[in-house]
Structures are given as C-alpha cells and as structure tokens.
Amino acid sequence: MSEEAYIDRSKEFMDIQRNMTDYEKAVAELSNNKISGSVFMIKAYVPLLKSLVSEEDYPRLYDEFSMVTSGCGEYAAVHAAWRHKRTYLAGRPETIIPYLAKNNAEFQTAYPEAATFKPLIPAGDHPEYPSGSSAIYTAFVQAGDDWFKNRLGFDNASSETGPLEFTIPAGKFYWTDGPTEDITLEYENLREWVEELPKSRVYGGVHFIDAGEAGLALGKEVGHACSSLLERLLDGDMSATYTYAERGSINPFNTEVAA
C-alpha cells in the first residue's frame, strides 16, 4: 500500500479516535474479548432456536448449530485470517501513526497527538490486515444464518434475534480506567452488532477500518464454506473434510490398504 493510502486511512482513524467516549470503549472491549463475544452471539441465537423447534429436538439441533458455528466457523476463520495476514504483512496503527507524525509534516500538524499514540487495547504482535476478530465473528454469524435457513427454513436469523444488550459495570473496563457509570450497549439485532465490528476495532486502536471490512468479507466466505461442509456430511459424504479430493484412506498402522 502506498504512503498516500496509509495517510488517508490514518486520517480517518485519528478522526474516530479523537471523539471516543466510554460507550465506544465498551464497544471495543466487547468485540476484543473472544469469550464474551462468542457468548454474546450464542445468547442471541438460542431464544430464536428454542422458539422454532421442539423441546425434544432442541439439544440435538443446538449441538449441530454449535458444531458449524463455533466448531467450524470460528476456528476456520482464525486460519483464514492468519493466512491473509502473512500474505499482506500490513502495519498496525501503533506503528503507522507515529511514523507519519514523525515523517509527514502535514499529518503532524493536523494530528499532534499522533506522535505519542497508543492503542486503547494492546495490539497483537502480528500483521494488521485483515481483522481476525471481524472474520471470526462474521464466520460464526454467516454459518449460523445459513444453518437456520438450510435446516429450519428460516431466513436472515441474525436480523431476527430481537434486541440485544451487553453491560459493562462502572469501573470494570479491562484495558483502561472506567467507565464512570454502567455502560449498556444496545442493538436492534445481532446483525447490527456484526456490521459495527470494523469500527469497533478502530475504537480499540488495533485496526484501520478497511481491515475490519476485509474481515467481514472473509468471514462470510468462511461461514458459507462451513455450511457447505456440514450439508455434505449430512448427505453422507465423508470426504467433505478432506483437504483435497484425491486424499487416500486413513491408515493408522502405515501399512498397505487393501483395495
């Protein structure tokens, strides 16, 4: 990426950072904590699932739902994001912002605070693009939406979860002091939360917004792939998990397999 492109995305980043409130910090903390984020998604889908299936069928169907969302979507998104990160080797805001403050007079004048910029949440010591968190959560939700449609005939489940809330009590921020009072995040549905993910990573100071948007796009593809894999398995195609079509039979004893 050219320096001019980095300047444009850095200006957008710093404009968002300048207007941060405790609410935005709470948004950043929820998306950054993979346990809280995963539980948030599960709790969004479960009431909808219970309303659509019988009490008897619920345990079996929940296990299947969990397998394709948490078991495949989230873990596969980690692998996909890492492969892309190691392809693009993009710099983090913590590196780019101070560099521009030191070497670009116009940027330094417009954003004097850039010289000492530190992210709200410490960034991982690995490339920035794409956002792994955005990919992980989006893969879960896309796989979940596909599952509801394929198994229950219910479209756009993440848009039909109903209102969601997440509260961080006063003084319980993990990465910084505060908040001074309870902060309750409110969403119309789970889809609204997913669409906010790119900006949430900017709030945390760990990604430029286009990395979050790329994470959303990657996560959708991963979610679809997990859904396809599950459908093949349900149809009896045990080769669905093969890494390539010509893979041979598993042979734990390293001996010749009879035809």
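User: Where is P179 found?
Analyst: Heads-up: this is a predicted model, so local features need pLDDT of at least 70 and side-chain atom pairs count only at pLDDT 80 or more, while totals for chains, interfaces and linings use all residues. Numbering runs from 1 along each chain as its sequence is written, and side-chain values use heavy atoms, without hydrogens and water. Helices (H or I, at least four residues) and strands (E, at least two) are DSSP runs, numbered from the N terminus. P179 sits in the loop between β1 (164-168) and β2.

User: What is omega for the peptide bond from G178 to P179?
Analyst: Most peptide bonds are trans. The one from G178 to P179 is cis, with omega near -5°.

User: Is L89 buried or exposed?
Analyst: L89 lies in the loop between α4 (58-88) and α5 (93-103), and its phi is positive, near 50°. Buried means under 20% relative accessible area, exposed over 50%, partly exposed in between (1.4 Å probe, protein chains only). With a relative accessible area of 60%, L89 is exposed.

User: How many residues of α7 are buried?
Analyst: Helix α7 (residues 132-152) has 21 residues and reaches 29 Å from its first C-alpha to its last, close to the 30 Å expected; that expected span is 1.5 Å times one less than its number of residues. The helix is largely enclosed by the rest of the structure, because the buried residues of α7 number 17 of the 21.
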